[in-house]
Structure formats: C-alpha cells, structure tokens
Amino acid sequence: MCSLAFSPSPSPSPDPSARSLEELEREICAAAADIAAATCRWLLLVAEFDERRGWAEWGVRSCAHWLSWRCSIGLVAGREHVRVARRLGELPLIREAFGAGELSYSKVRAVTRVAAAETEESLLELARHATGAQLDKLVRGYSTCLAATTAGAQVAYERRYLSLSWEEDGSLRIAGRLPAEEGALLQAALEAAQPAAVATQEPGLSASIGERRADAMATVARSALAGAQPRRGGDPCEIVVHVDADTLAGGDGAAHLDDGPAIAPETARRLGCDAALVRVIERDGQPLSVGRRTRTIPPALRRALRSRDGGCRFPGCTHRRFLHAHHIHHWARGGETRLDNLVQLCSHHHRLVHEGGFSVGRGPGGSLAFRRRDGVAIPMAGRCEARVRRGPVSDRRVDAETCRPWSAGDPLDYGMAVEWLLSRARAGPER
Ligand SMILES: [Zn+2]
Ligand SMILES: [Zn+2]
C-alpha cells in the first residue's frame, strides 16, 4: 500500500466573499488537490472493505449498495467508485499520484478504464500533462482503438438502433446508437450542413452546439428529400461590414453591418480579422476599391494554420471546429497575413481578445503569450521540468499547484498520443 501524504490546508476563513479572486482561485485549486488525496485514501478503505466483503455482513447486494446506504452515494456513482477502488490495487503509480493529490478523481476514473501494467506509466504521464477534458477524450479514443482490435466492432453493430418518439409539445425526440463508421458518416453530414444552418440565424445570436446540430439535422433531412447534397465546406458565412479605414486601423469611428445595426469598432476589427469577411471599406463615405487592404487568407495558409494549431490555442480551450484565424498584429495596422502572425481561436476566445480586453502576443522565442484583462499572463505550459520527480511522496506538500495539468493550453495530438499508448501496450511491461 502506498503511503498517503494528506496534509489538510489551513482552515479557510468562513466568508469567501471577503477573499480576492486570486485567493479564491488559490484555495479552490489547493482544495481540489486535498479532495483528490482524500478521495484516494477513502477509495483504498473502500477497496479493503470490498475485498473482505464487509458489505455482505449487512445483507446488501453489493459494495455499491452499501455505499448508497451508508455514504449517501447514488448507485451509478457508487459502482464507479468501487470499480476505481478495485483498480487502484493493480496500479501503484497511478495510486501514488492520486494519493499525492496530483491526479483528480476524474482523471483516475478515466485512466483506470484502460490502464494495464504495460501502459500504466505512459498513461500517468499523459494524465499529468492533459487537462481533465483532454484526458477524457484521449481515453475514449484509446479505448475505441482497443475495442476495434477485439470483437467490439460486431458488438457495436448489434447494439445499433434509432428511436423516434413524439413529445407532448409536438416535437420529435431522437435517440440512437450507431457503429463507429456510420456514426462518423452522420457526424460528417451534420458538420457539412452546419454552415448553412448557422447562416440562417440572426447575427449576434449564438446557438449552443446542441441547437446547431439540431438545425443541421433538419438541413440534412431537407437535402435528402430534395435529392441534393448539403452545402459543404467550412467557409465563414459572408457578412458585409461598412467601416472607415482609419477606424479599422485602430480609430474610434463608426462601423455598421450592411443594412444592419451599428457595431463597435473592435467588433469590426474582429470581423475583419479573418478577413474573408470584409467587403466594403469607406473613407468619408466614399468606398475605396473593393479588395484593397483586405486580407483573404489563402487556402494553403489556412491549411497550414489548421495543421499547426489543431484547434483553439487559448490555454485550456478544447474547441476544434468553427475556428477563426486571428491576426496577432492586425492587418489593418500593417500586420502581415503570415503563419507566424496568425493564431487559431474559437469564436468565444476570438471575441475575448478583441472586445473582451484579453490579449495575445508572441513572447520570447515566438511562443504564444495570452494575457487577462488586468495584464496577468495566462500560464500556457513549461512547468514540466520543474515538476517531474519531486522526491518521495511523503515529502510533497499539497498546494494550489498540486493537481493542475502540467501542459494546460498546449494542443494535444490525440492521434499521436493514442498511437504511443498502443505501441506501449504492444511492447509489454515497462517495469
Ligand atoms: Zn482577431
Ligand atoms: Zn477557444
């Protein structure tokens, strides 16, 4: 059994509203590590209790039922806790990091689904670097590959279904399950239909991903009935913006959408940033020649940008679709439309670095440097060297940094990470 380093943090002051945001953040993060360490300790007790079938003494059906009864935990969560607790006994490295508060329960739950003796060390490495969301996605991808090597594909095919039911309000409820390749086909069709669906919306109203998918589903149905292919491609929809050239270059003048409302100068700069969007530039009400001072990003450059950045580059963001190419130094102020002056951002983060008061620039060595409104740098990565091998667990302190992902903000190449795990799994035990 591992030795558990669990040092409770100093008792918090009773009133969180008296705290500064920095203090709140620090305490939330430190408490998260405390909770992780305590959860590990608790799960090891659960594992021992389960092993000795302590629950059976009470006549309950399982350890999960006992947890529900004595610890107020729902059955589904209880079963998951017991599964994780049992796996901790087989995975000493993950158990140690969990006990030190370095891995959250969420991460441990994910890696224990797929970890084996051959892959434990690699998975621990990935779990330490990835954000919680990245790790979930990575483990899903890896387990799909594992299933693909077994009879999993046939099972997935046999489990396919689509159920349609009319709700009381007249809407149709859809639920279903498709084998991998057909699922990918449906997803591709929905994605292809999405730009058309988005274009039909009022400007400024942002739909959730679920709403956009629902619209896309209707578009797919319409085009299937019309015998036509839904519109392909990820081109941004066309918006015509009228803006003074000096305003676009940083001035304070007016801008408005064609036949539409006035927009903030910074909004015009954002719309113009990924510049396929800018159509008409005027000076003193006189249009300059269309195309002058606009920057259309050539397809080859857009592809290079997509392959370099992979998704939104804002630290911790996981968006990989509907991305904008942001000019770090705006073209209207003389910035060039070149790879090193472009960074991929999702629409939310693109808005943040324009209207939202956040900023992105290049730091020493050309690395990206994001800053908050108050100028504080947002950590990207580079914490790895300082954190690897910090001595025995018992010497480590649990603090606000303990359970933070090591590489938050770095895009993760899921394909490469899964490949690496598969090669480790094939290579045999690491120790
Ligand atoms: Zn921009
Ligand atoms: Zn983003």
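Me: How many of the 10 residues of helix α6 (residues 120-129) are buried?

Reply: The model is predicted. In it, helix α6 is mostly covered. The buried residues include E120, S122, L123 and L124, and L126, A127, R128 and H129 are also on the list. The number of buried residues in α6 is eight.

Me: Which residues coordinate the zinc ion (ligand 1)?

Reply: The donor atoms lie at 2.0 to 2.3 Å from the zinc ion. One of them is an SG atom, and the others are ND1, NE2 and NE2. In sequence the donor residues follow the spacing C-x52-H-x23-H-x3-H. The residues are C273, H326, H350 and H354.

Me: What is the geometry of the site of the zinc ion (ligand 1)?

Reply: Four donors count as tetrahedral if all angles lie between 85 and 135 degrees. Here the angles among the four donor atoms are 101 to 120°. The site is therefore within those limits, and its geometry is tetrahedral.

Me: How many residues apart in sequence are the parts that C273 and H354 tie together?

Reply: Both residues are donors to the zinc ion (ligand 1). C273 lies in helix α12 (residues 265-273), while H354 lies in helix α14 (residues 347-354). The pair therefore ties together parts whose separation in sequence is 81 residues.

Me: Is C273 buried or exposed?

Reply: The cut-off for buried is under 20% relative accessible area. C273 has 0% relative accessibility. H354, another zinc donor, has 9% and counts as buried. C273 is, by the same cut-off, buried.

Me: Which element gives the most residues to the nonpolar patch on the surface?

Reply: The patch is formed by L162, L164, W166, L172, I174, L178, L186 and M217, with about 800 Å² of accessible area together. The elements that give two or more residues to it are β1 (161-166) and β2 (172-177). With three residues, the element that gives the most is β1.

Me: Where does L172 stand: buried, partly exposed or exposed?

Reply: L172 belongs to the nonpolar patch and is placed in strand β2. Partly exposed covers values between the 20% limit for buried and the 50% limit for exposed. The relative accessibility of L172 is 36%, so L172 counts as partly exposed.

How values were computed: Residues are numbered from 1 along each chain as its sequence is written. Chains are lettered from A and ligands numbered from 1 in the order in which they are written. This is a predicted model: local features need pLDDT of at least 70, side-chain atom pairs count only at pLDDT 80 or more; totals for chains, interfaces and linings use all residues. Side-chain values use heavy atoms; hydrogens and water are left out. Donors are N, O and S atoms within 2.8 Å of the metal (3.2 Å for Na, K and Ca); water is not among the atoms, so sites may look incomplete. Four donors count as tetrahedral if all angles lie between 85 and 135 degrees; four count as square planar and six as octahedral if opposite donors are over 155 degrees apart and all others between 65 and 115; anything else is irregular. Helices (H or I, at least four residues) and strands (E, at least two) are DSSP runs, numbered from the N terminus. Buried means under 20% relative accessible area, exposed over 50%, partly exposed in between (1.4 Å probe, protein chains only). Patches are made of residues with over 30% relative accessible area and no salt bridge: like charges are joined within 9 Å, nonpolar side chains (Val, Leu, Ile, Met, Phe, Trp, Tyr) within 5 Å. Accessible areas come from the Shrake-Rupley method with a 1.4 Å probe; for residues, only the protein chains shown count as cover. A salt bridge is a side-chain nitrogen of Lys or Arg within 4 Å of a carboxyl oxygen of Asp or Glu.
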